[in-house]
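Subject: Structure handover

Hi,

Here is the structure for you to look over. My notes come after it.

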Amino acid sequence: MPVSAFFYDRVVASFQIGSKMNESKPGGSQNSTCVFCRKNDDCPIKYGEKKTNEKWNLTVHYYCLLMSSGIWQRGKEEEGVYGFLIEDIRKEVTRASKLKCSVCKKTGASIGCVAPRCKRSYHFPCGLQRECIFQFTGNFASFCWKHRPVQIITSNNCRDSLLCTICLEFIEPIPTYSVLRSPCCKNAWFHRDCLQVQAINAGVFFFRCTLCNNSDIFQKEMLRMGIHIPEKDASWELEENAYQELLQHYEHCDVRRCRCKEGRDYNVPDSKWEIKRCQCCGSSGTHLACSSLQSWEQNWECCECRSILYSAGEFQKAKKHALPNTNVGINDCLLEESSPKLPRQSPGDQCKDLLRQGSKFRRDISTLIIELGFQVKKRPKKVFINKANFWNSALDGFRNQNFNPSYTIEIVYVNENDHFGREQPGSKQEFLSLLMQQLENSSLFEGSLSKNLSLNSQALKENLYYEAGKMVAISLVHGGPSPGFFSQTLFNCLAYGPENTQPILDDVSDFDVAQIMIRINTAATVDDLNSLIHDYYKYLEFIGCLRLITSISDKYMLAKDILVYHVIKRVQAPFESFKQGLKTLGVLEKIQTYPEAFFHIFCHKPENLSAKILSDLFTVHTLSDVQTLGFWNSYLQAVEDGKSTVTMEDILIFATGCKSIPPAGFKPSPSIECLHMDFPVGNKCDNCLALPITSTYKEFQESMDFAIKNTLRLEKEENSHFI
């Protein structure tokens with residue numbers, strides 16, 4: 001049955017979200033009878049979610065609807081029931097009313113066996129009772145008990161009792177309907193019911209063989225044998241605040257003799273009673289004063305970790321060094337990395353190790369991104385983009401439960417006003433370039449050129465910061481452009497952590513806050529400073545930056561507190577959400593491993609294009625007109641010299657859809673061909689530029705200027721609706 005796979009991922013939705021149609025009438029679905037199987041059972045694992053349409057007084061089990069042989073999904077998800085129109089459901093019920101179930105002998109058997117010349121029909125629950133196979137993939141075929149697929153097991157397999165690797169109960173290793181074997185591990189056997197429950201909970205991204213962890217071969221076989229694998233995140237990933245405890249910092253003094261009179265849980269930042277966590281395990285802490293630590297940056301290990309690290313004198317501390325590219329704020333400060341414990345080495349080994357470390361951090365950014373690109377599978381996934389509603393359609397595409405960031409992205413442009421439903425293939429790199437422009441101009445970031453995260457409560461509620469981080473990660477891995485607009489402070493927070501980053505005054509985009517800090521910094525006496533504190537008392541109290549002023553030098557610490565709050569602490573929730581999104585495809589981990597390589601592409605725009613760069617970028621793959629190629633090189637030089645209304649960026653956009661070269665380069669590589677035509681043509685999907693063959697250079701230049709300038713003008717007018 002040709003049913004869109006997009007809708008069958010809703011099978012377990014009742015575990016997380018209550019059905020909207022059932023909310024309007026509490027308990028309605030429990031007392032209603034499915035129009036197909038005529039049962040009122042509400043068991044999502046066996047029959048799928050039970051949904052009631054109150055308006056039409058119609059109740060269906062999702063699996064009964066999905067597997068029925070004479071119905072197709074013709075509407076959108078919000079129409080009818082899961083996109084199946086009410087009139088189609090009624091027609092299918094009427095058709096089924098004329099068919100008798102081969103199991104219970106009652107009418108209403110809407111499901112038929114797909115085997116040729118087999119005339120058996122049955123209700124979905126009756127099919128389960130007689131051990132029929134229902135395949136939740138492809139055409140959603142069903143097989144009766146006579147024609148169902150079976151697993152072929154060679155005769156030399158062990159026949160002794162084995163454990164089901166899920167429930168750990170003994171089963172006979174003989175393939176039957178209720179017992180299945182893993183296709184990738186010969187000694188991995190399962191109960192069918194155990195597999196189905198695990199598939200429902202794990203979803204397509206985490207359902208895999210329990211022994212070898214294989215997912216592709218394992219899932220293909222389980223789908224063939226009738227295991228339903230919903231295309232959703234695992235149930236443990238969908239729980240609200242499931243990993244909230246991981247974001248909580250340990251705050252307790254564990255030294256034998258705590259000197260703090262307020263107790264072991266007392267923690268006051270920027271004081272001697274600030275709690276410092278063990279740099280090794282993070283699950284023990286101490287007040288700075290209790291362990292005679294002078295500052296937060298000083299390294300500290302708990303007794304258990306110290307005994308392991310320093311036993312027998314086999315380890316030594318590395319020298320402390322400042323983090324690269326660290327901003328200096330109002331007060332210059334030296335931030336230190338946690339000092340790793342390195343095994344003792346000979347001078348020769350130490351020299352080789354330093355060389356290895358040096359080459360590690362000097363690695364080329366394009367190589368790093370190409371390595372990340374190895375994760376992308378050659379399995380195309382279409383993303384439908386409506387240019388009239390670019391941002392929302394991009395969000396919908398990335399949020400689609402069928403979307404997998406490790407699949408190859410294929411962009412398809414659609415027009416909602418096109419009644420013929422025509423689709424236009426689009427350039428992936430052009431789409432990602434427009435997406436990065438949209439992010440740069442969005443309300444998720446604040447600042448003029450170098451931007452920091454903003455505090456947008458509505459965006460936080462809609463989880464847009466997470467989506468923004470995911471978009472940046474996907475753009476890098478899939479060959480798109482880098483952001484290029486991050487402030488150094490934002491990048492350092494991502495690479496080294498907010499606790500190791502000191503913002504600067506330029507990071508403050510709020511004029512009023514900047515004026516407060518400037519007035520505090522320029523205060524000449526203690527009385528002036530106290531007067532300012534009195535003027536801004538409510539604001540300082542609200543942000544938790546009130547402090548006792550004893551000397552004029554306290555103004556620097558006060559200004560620093562305001563700066564850290566406004567730039568870092570105020571946006572802690574957006575930052576954590578953005579960081580989680582940036583973990584997509586391992587991008588954040590790569591950034592933290594090679595921060596110096598990623599710093600340039602995140603915080604700086606790409607270098608300006610030149611005639612030589614474009615000449616080297618475009619290659620000639622076919623035998624071309626030599627004179628036209630000469631015109632092309634002359635034209636590039638004229639554009640660089642300002643003798644044309646077209647710019648270098650315009651030429652690149654015309655041919656590829658991008659105004660700069662992505663960090664990983666173009667794929668496929670930009671190429672040139674010469675054709676007998678009046679004007680140049682840019683194929684953005686193939687990054688191919690077709691040049692017109694003309695008799696004179698003047699004709700060539702006029703043709704190039706006219707086509708590029710007018711094409712980009714029309715595109716800008718079209719894009720002005722969504723950028």
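Below is what I found, by topic.

Please keep in mind that this is a predicted model.

Sheet. Three strands form an open sheet in the order β15-β16-β17, with mixed pairing. The edges are β15 (377-386) and β17 (423-426). From one strand to the next, the twist averages 35 degrees. β15 and β16 (residues 407-414) run parallel and are joined by eight bridges. Lys381 has Ile409 in β16 as its bridge partner. Helix α14 (residues 428-440) lies across β15, β16 and β17, at about 80 degrees to β16.

Salt bridges. There are 13 in the structure.

- Arg74 and Asp88: the closest N and O atoms are 2.7 Å apart. Arg74 sits in the loop between α4 (62-67) and α5 (86-96) and Asp88 in helix α5, so the pair ties together parts 14 residues apart in sequence. Arg74 is exposed at 54%, whereas Asp88 is buried at 11%.
- Arg399 and Glu467: the closest N and O atoms are 3.4 Å apart. The pair links helix α13 to helix α16, 68 residues apart. Arg399 is partly exposed at 37%; Glu467 is buried at 5%. Lys470 joins these two in a network of salt bridges.
- Glu576 and Lys579: 3.7 Å, N to O. They are three residues apart in helix α22, so about one helical turn separates them.

Surface. Leu163, Leu168 and Phe170 form a nonpolar patch with about 340 Å² of accessible area together. Leu168 is in the loop between β7 and β8. Its relative accessibility is 56%, so Leu168 counts as exposed.

Best wishes

Notes
Residues numbered from 1 in each chain as written. Predicted model: local features only at pLDDT ≥ 70, side-chain atom pairs only at ≥ 80, totals over all residues. Heavy atoms only, no water. Pairing = 2+ DSSP bridges. Helix = DSSP H or I, 4+ residues; strand = E, 2+ residues; numbered from the N terminus. Axes fitted to C-alpha atoms, helices over the stretch in contact; angles between N-to-C directions. Contact = heavy atoms within 4.5 Å. Patch = residues over 30% accessible without salt bridge, like charges linked within 9 Å, V, L, I, M, F, W, Y side chains within 5 Å. Areas by Shrake-Rupley, 256 points an atom, 1.4 Å probe, with all protein chains shown as cover. Salt bridge = Lys/Arg side-chain N within 4 Å of Asp/Glu carboxyl O. Buried < 20%, exposed > 50% of the residue type's maximum accessible area, 1.4 Å probe, protein only.
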